[in-house]
Amino acid sequence: MKIKQILLILTMCIGTFLCMLDTTVMNIALPAIQSSMNVPLTSLSWALNIYTITFAALTIPLSRLADIWGRNKIYLVGLLIFASGSFVSGMANVPTVLIIGRGIQSIGAAIVFPTSMTIAIDTIDQKHRSKALLTIGLTQGLAATLGPTIGGVVTQFMGWRWVFYINLPLVVLAIVGVILQLPLGHEKKIDVKIDVGGMISLMVTLFSLALGLTQGNDWGWMNYRIISLTLITIVSFIIFIIIEKRVTDPMIRLDLFKNRQFSGSALTVVLAGLLLVAVMVIMPTFFTQVQGKTELIAALLITPASLMIFLVSPITGIIVEKFGPRLIIFIGFLSMSMGYAVLGFVNSEYYWQILLGLILIGFGYGTVIGPITVLAASDFKGEKLSASQSVMGVLRQIGNIIAVAIFVSMLTTNVSKAKENAWTDAQKLISTSELTSTSKKDMLKVTHSHFESSDAKTNGNDEKGISETKEQRLIQANVAEALRKAKISQLSDRQGEQVKEQITSEVTNEIKEMVKKDNRIINRDANKISKNANHLISKAFLSLYFMALPFTIMFIPVCLLFYKRDEYKKNINEE
């Protein structure tokens with residue numbers, strides 16, 4: 001492969017890297033953003049969903065626009081739009097502005113992502129095309145998996161806003177690369193139509209699906225709004241299929257799914273992405289919100305999964321021809337299932353157990369995602385080849401949408417139930433304690449405020465008991481009451497002073513002993529409440545993986561859609 005072609009592929013990889021990085025880079029920063037804006041996690045889930053929904057719905061229509069107007073010019077426009085969205089996201093102070101910024105980002109990503117692939121396919125000769133596809137495909141997977149690690153490091157040292165600002169220098173580098181390597185005038189253009197109906201119906205399907213899944217717990221699953229959204233999702237999806245069958249230039253070519261291996265690749269991208277995103281979104285929040293880790297430490301704690309993907313995916317992309325895709329995909333899904341089993345039964349106090357689960361999931365995802373880009377395209381040439389890559393990009397985002405919607409919704413429900421149970425336990429503990437009635441009321445009030453917070457933290461250890469200021473107020477109030485009862489006004493000045501000093505000394509000692517005793521009980525009980533709450537909330541997080549385990553096992557038979565080793569080799573030799 002010529003140096004010029006290598007540089008061009010690297011330039012396209014930068015654009016692809018940016019698009020996929022921003023599907024997960026924000027995950028680790030969610031707790032920091034949540035604290036900064038003081039909003040519940042469900043409000044911020046739309047900052048994730050708007051990116052993936054818009055990305056998925058506009059990828060193919062905007063790639064068509066690039067074909068019509070010139071891919072190189074539109075690619076530059078996409079980079080500029082992406083940079084604008086990154087800037088707006090970084091400047092956001094409220095969720096609405098962040099969601100708008102992420103929406104702008106996603107429009108740019110929907111241009112850059114498919115166009116980078118088609119530019120590479122058109123520019124690289126047939127002999128080296130598989131290597132180019134493998135390189136860009138690996139970039140997609142690695143960017144998405146390295147996102148949380150990069151996000152954690154940036155959030156810790158530079159603040160969460162730089163999670164978005166770091167895109168800007170990379171965009172500049174990509175723009176320079178395009179200007180230097182690609183012609184911007186007299187480009188080859190293709191006369192195709194944009195599938196507006198398909199685009200709108202798919203966007204409605206994804207939006208109503210995501211909204212229904214995220215709001216189901218708050219509104220109630222049998223609420224008329226959820227039922228309406230379910231019907232809208234079904235109807236709009238049926239309309240989408242009908243449109244795609246009839247239009248000349250469909251958004252998604254349904255005939256691609258007649259190919260067994262492409263169907264297997266499509267399912268693999270959706271399901272494997274769903275399983276990975278569920279870990280990359282939930283675990284950073286678990287480490288920061290429940291275990292009190294910093295964003296940097298949380299990023300480092302989930303890095304083993306990213307590291308496994310980084311190491312394994314290039315290897316499986318190379319050895320798939322030797323062992324056949326069926327075995328490779330089987331091993332990948334089996335490993336991810338084992339990882340979910342470990343996380344489902346793990347004792348969260350021992351990180352090595354969590355580490356084992358992360359390694360298995362990272363290994364499994366790396367195993368399936370390494371060869372998947374090449375496998376999806378292996379039976380196609382020409383226009384079908386480009387179409388297959390665009391569809392895979394859309395399906396990757398659909399997997400992300402489903403994962404975020406389902407797991408954030410489940411997490412919100414689990415944490416709410418855990419807090420309810422922890423609050424009930426706390427009430428029982430406080431009511432049966434040896435505290436004075438006033439201290440019981442105060443402790444209940446403070447503890448309840450912790451459980452009412454918008455995040456997963458309960459801050460039980462923050463309860464320090466009766467402060468010195470409050471102690472002084474109690475002393476003053478009790479001294480005043482004792483003096484009133486003693487009627488010192490009826491005594492001589494000298495006797496009154498003596499009685500006042502005696503009462504003040506006695507009351508002060510009495511209150512101090514009472515406060516000392518109450519504070520000892522408060523701190524002891526607060527520690528018990530905190531430990532119990534953290535235990536219940538830890539189970540609320542990790543039980544998600546136990547609940548998902550049966551489904552991960554059901555995903556394993558997807559490997560049967562792929563060729564066996566001999567079939568795959570024969571197919572390659574025929575080409």
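1. Start with the D566–R565 pair: their side chains form a salt bridge at 3.8 Å, N to O, the term meaning a Lys or Arg side-chain nitrogen within 4 Å of an Asp or Glu carboxyl oxygen. D566 is exposed at 56% relative accessible area, while R565 is partly exposed at 42%. Here buried is under 20% relative accessible area, exposed over 50%, and partly exposed in between, with a 1.4 Å probe and protein chains only.

2. Before going on, keep in mind that this is a predicted model: local features need pLDDT of at least 70, side-chain atom pairs count only at pLDDT 80 or more, and totals for chains, interfaces and linings use all residues. Numbering runs from 1 along each chain as its sequence is written, and side-chain values use heavy atoms, with hydrogens and water left out.

3. The salt-bridge count comes to five. One of them joins E567 and R260 at 3.9 Å, N to O. That pair links distant parts of the chain, with E567 in helix α19 (residues 565-574) and R260 in helix α11 (residues 260-290), 307 residues apart. Helices are DSSP runs of H or I, at least four residues, numbered from the N terminus. E567 is partly exposed at 35%, and R260 is partly exposed at 35%.

4. Have a look at R102 and D22 too, whose side chains meet in a salt bridge at 3.6 Å, N to O. R102 sits in helix α5 and D22 in helix α1 (residues 3-24), so the pair ties together parts 80 residues apart in sequence. R102 is buried at 0%, and D22 is buried at 0%.

5. Helix α5 (residues 95-123) also carries F113, which is buried at 4% relative accessibility. Leaving out residues up to four places away in sequence, F113 touches T16, C19, M20, F55, T59, Q140 and G393; contact means heavy atoms within 4.5 Å.

6. T54 belongs to helix α3 (residues 41-69) and is buried at 10%. Its side chain reaches the backbone oxygen of I50 at 2.8 Å. Beyond its neighbours within four places in sequence, T54 contacts G103, S106, I107, A110 and M203.

7. Which residues have the most contacts inside the largest nonpolar core? They are L98, M283, F333 and Y340, in a core of 172 residues. Such a core is a set of buried Ala, Val, Leu, Ile, Met, Phe, Trp, Tyr and Cys residues joined through side-chain atoms within 4.5 Å. Y340 has contacts including L274, F407 and Y545, leaving aside neighbours within four places in sequence.

How values were computed
Helix = DSSP H or I, 4+ residues; strand = E, 2+ residues; numbered from the N terminus. Polar contact = N/O pair within 3.5 Å; in protein donor to acceptor, adjacent residues only side chain to side chain.
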